[in-house]
Amino acid sequence: MDLDFLRIVPSIPFILNGIWVTLLFVLVSAILGFLIGTILSLFKIGNIRGLKWFADAYTSIFRGTPLILQLMLIYFATPQLIGYDIPAFLAGILAFGLNSGAYISEIIRAGIQAVDKGQREAAEALAIPYKPMMKDIILPQAMKNILPALLNEFITLTKESAIVATIGFMDIMRRAQVVSANTYTAFEPLIFAGLIYYILVMGLTLLGRAVERRLRRSE
Amino acid sequence: MSNPYIKINNLHKSFGNLDVLKGISTTIDKGEVIAIIGPSGSGKSTFLRCLNLLETPTSGQVWIGSDELTAKGTDIMKVRQNVGMVFQHFHLFPHKTVLENVTYAPITVKGVEKNVAEKQAINLLKSVGLSDKANQYPNRLSGGQKQRVAIARALAMAPDVMLFDEPTSALDPEMVKEVLDVMKSLAHTGMTMAIVTHEMGFAKEVADRVLFLDGGVLVEDVPPEEFFLNPSSQRARDFLDKVL
């Protein structure tokens, strides 16, 4: 067995620099996904048929096709269709933002609908209009259902972000592949990258648990 | 002939193919206390919920004061400001303190200033015996206390009518009395009240009139003495045999 972690030591800073690239990528994708998800969830619980239909169709398509296909379509088909040579970062956050928007819209919708129906009735019986009812009564309670699932989605996003390496974006994964090619090794750089992802995910998991504990305290 | 405050004329409500209310007509005078009694599934709660439009009647008319609730273009919000409701399962806002539960609607809906609303809320909480719980969250209260807060919350909008939907049915037996006592003293203030209840003793003692519903039909509409001592319908007699 030919195993020697010393061979990748000179490349460690190169891979470590990928942490910020990956984190920035995940952050921007998560924000985009959250914005899209919020809007879609409002469409879904609202009464306007066309918007509801749109949000459902959107969710169905983005959940029903592989993420890597969506990514490839945006990255490789955009130049073909509109002649714009789309950068890997932009293609990546678009694919991930649009995709996680579909999942997040379901998380938010389910969180709002899980709030006891009686809360809405009590608010209606008190003549509280729709907007303050949503803002002050329903959404604060829905957050308790939404936040843990949302953090879960961000954890998934962090792990899955590795597939942007396939379009040459220099994240942790891609850097590990570069080191692998340069040093004629596979095990050491990939294991090292895996360790970084694991630590990032554990960090987010702990954060999620802390948030959940905090939310439960007011019960 | 007095001019009744609430008029209900041939009220129907169906859910899909299921006719829950099959043409109910009655009136309620200002200050009257009405007990609505009947077997489960008889349409009692649906009837009550039609009075503040939590359910939209399928046909028929409901007037409260000079407002026809069932007319097209009626301002539902304006009607509801005037009709308080207390639910079986309280439905307090769990993320707000007792005080905030009571002040939220007056501040948000009527634009009452916060310190005015709070002063009023403290007085209401005093009247239901809970002023010491003002800063607690609802989950720290017993069922009976929650229901008394719910009554105070509804009263904070200064309604002319109060609807009670089985207000003691979800309570442990030892907490029923404290809630009924609050309702009793509310009745003595001249509040117009409609109460769906299984508390026959309470209905007998406090109600001015008993409405007995069965199968979506108003079978009896009589004073409690008459209802409990000498019900005219077989259905009411069968029901009373079972519950008394």
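**View 1. Asn101(B) and its polar contacts.** The backbone nitrogen of Phe93(B) sits 2.7 Å from a polar side-chain atom of Asn101(B). Such a polar contact is a pair of N or O atoms within 3.5 Å; within protein, one must be able to donate a hydrogen and the other to accept it, and residues adjacent in sequence count only if both atoms are side-chain atoms. The Asn101(B) side chain also reaches the backbone oxygen of Lys96(B), at 3.0 Å. Asn101(B) belongs to helix H3 of chain B, residues 98-110. Helices (H or I, at least four residues) and strands (E, at least two) are DSSP runs, numbered from the N terminus. Is Asn101(B) buried or exposed? Asn101(B) counts as buried because its relative accessibility is 0%. Buried means under 20% relative accessible area, exposed over 50%, and partly exposed in between (1.4 Å probe, protein chains only). Setting aside neighbours within four places in sequence, Asn101(B) is in contact with Leu92(B), Phe93(B), Lys96(B), Pro138(B) and Arg153(B). Contact means heavy atoms within 4.5 Å.

**Notes for every view.** This is a predicted model: local features need pLDDT of at least 70, side-chain atom pairs count only at pLDDT 80 or more, and totals for chains, interfaces and linings use all residues. Residues are numbered from 1 along each chain as its sequence is written, chains are lettered from A and ligands numbered from 1 in the order in which they are written, and side-chain values use heavy atoms, with hydrogens and water left out.

**View 2. Ile34(B) in strand E3.** Strand E3 of chain B covers residues 33-37 and holds Ile34(B). Ile34(B) counts as buried because its relative accessibility is 0%. Which residues does Ile34(B) contact, leaving aside its neighbours within four places in sequence? They are Ile28(B), Met193(B), Ala194(B), Ile195(B), Arg209(B) and Leu211(B). Ala203(B) is 169 residues away along the chain, yet its C-alpha atom is separated from that of Ile34(B) by 8.2 Å.

View 3. Ala158(B) is not a glycine, but its phi is positive, about 50°. This residue is in the loop between H5 and strand E7 (161-165) of chain B. Ala158(B) counts as exposed because its relative accessibility is 52%. Glu166(B) also has a positive phi, near 45°, and is a residue other than glycine. Glu166(B) lies in the loop between E7 and H6 of chain B. At 13% relative accessibility, Glu166(B) counts as buried. Pro173(B) is in helix H6 of chain B, residues 173-188. Its relative accessible area is 68%, so Pro173(B) is exposed.

**View 4. Helix H6 of chain A and its partners in chain B.** H6(A) covers residues 117-125; Gly118(A), Gln119(A), Glu121(A), Ala122(A), Ala123(A) and Ala125(A) are buried there. Where do these buried residues pack? Within chain A, they pack against helix H7 (130-160). In chain B, they pack against helix H1 (44-50), helix H2 (76-81), strand E6 (83-86) and helix H5 (143-155). Asp116(A) caps the N-terminal end of H6(A), with a side-chain oxygen 3.0 Å from the backbone nitrogen of Gly118(A). Ala127(A) follows H6(A) and has a positive phi, near 65°.

**View 5. Chain A and its annotated spans.** Chain A has nine helices and zero strands. Its C-alpha trace spans about 75 × 50 × 25 Å along the principal axes. Of the 219 residues in chain A, 44% are buried. UniProt (unreviewed entry) places "transmembrane region" at residues 20-43, 55-76, 82-104, 150-170 and 190-211 of chain A. UniProt positions are given in the numbering used here, feature names are shortened, and annotations may be inferred rather than shown by experiment. Residues 190-211 of chain A are 100% helix and 0% strand, with end C-alpha atoms 31 Å apart. Residues 150-170 of chain A are 52% helix and 0% strand, with end C-alpha atoms 26 Å apart. The unreviewed UniProt entry also places "domain: ABC transmembrane type-1" at residues 19-208 of chain A. That span is 84% helix and 0% strand.
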